[in-house]
Amino acid sequence: MAGATLRNAGVELSARATLLRRSNYRWDATTTLATLRNRVTSYDGPGVFTGDARIAKGYPAYGYWSIPYSYSDANNDGVIGVNEVQVGDTLNYVGSSLPTLESSLRSELALWSRITLGLVLDHRGGFKLHSLAEDFRCNSTRTC
């Protein structure tokens, strides 16, 4: 049975403030920021697991890998032909499957101690998202 050792490191910050307080309403805001660095530090298994995701030493767990390709309309006919596509022969790391940066801003307005209106703005970045719907379309119709 294969075993892996992971190292996860990151920072989480949060700040909350009451921006305005009156007898009939209160306005609060909270902001958060989190980072993640996830790495496989040792692994004694085969490497490839689920589709494009794999475990490889020195990279994020279940990071995405892909064979690189490029294309150009060499004959300028407006159509990319098979002979105008170049495909690599080795997998290259393309990104983490987990967000490496997350942030949010939450704002709440409390009215008459009975009604609370809230708004949340959320951001997640620094990662790739695998689309099974796109895989199905590509593999069933060959329109990748």
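**Exercise 1.** How many residues lie between β11 and β12 in their hairpin, and which residue in the turn has a positive phi?

*Solution.* Start with the ground rules. This is a predicted model, where local features need pLDDT of at least 70, side-chain atom pairs count only at pLDDT 80 or more, and totals for chains, interfaces and linings use all residues. Residues are numbered from 1 along each chain as its sequence is written, and side-chain values use heavy atoms, with hydrogens and water left out.

Step 1. Find the strands (DSSP runs of E, at least two residues, numbered from the N terminus).

Step 2. Read the turn. The hairpin has 3 residues between β11 and β12. W112 is the turn residue with a positive phi, about 50 degrees.

Step 3. Check the pairing (at least two DSSP bridges between two strands). L111 has I115 as its bridge partner. R106 faces V120.

**Exercise 2.** Is T30 buried or exposed?

*Solution.* Step 1. T30 sits in β3, residues 25-35.

Step 1. Apply the cut-off: buried means under 20% relative accessible area, with a 1.4 Å probe and protein chains only. T30 has 16% relative accessibility, so T30 counts as buried.

Step 2. List the neighbours. Leaving out residues up to four places away in sequence, T30 touches S14, A15, R16, S104, L105 and R106. Contact here means heavy atoms within 4.5 Å.

Conventions:
Helices (H or I, at least four residues) and strands (E, at least two) are DSSP runs, numbered from the N terminus. Buried means under 20% relative accessible area, exposed over 50%, partly exposed in between (1.4 Å probe, protein chains only).
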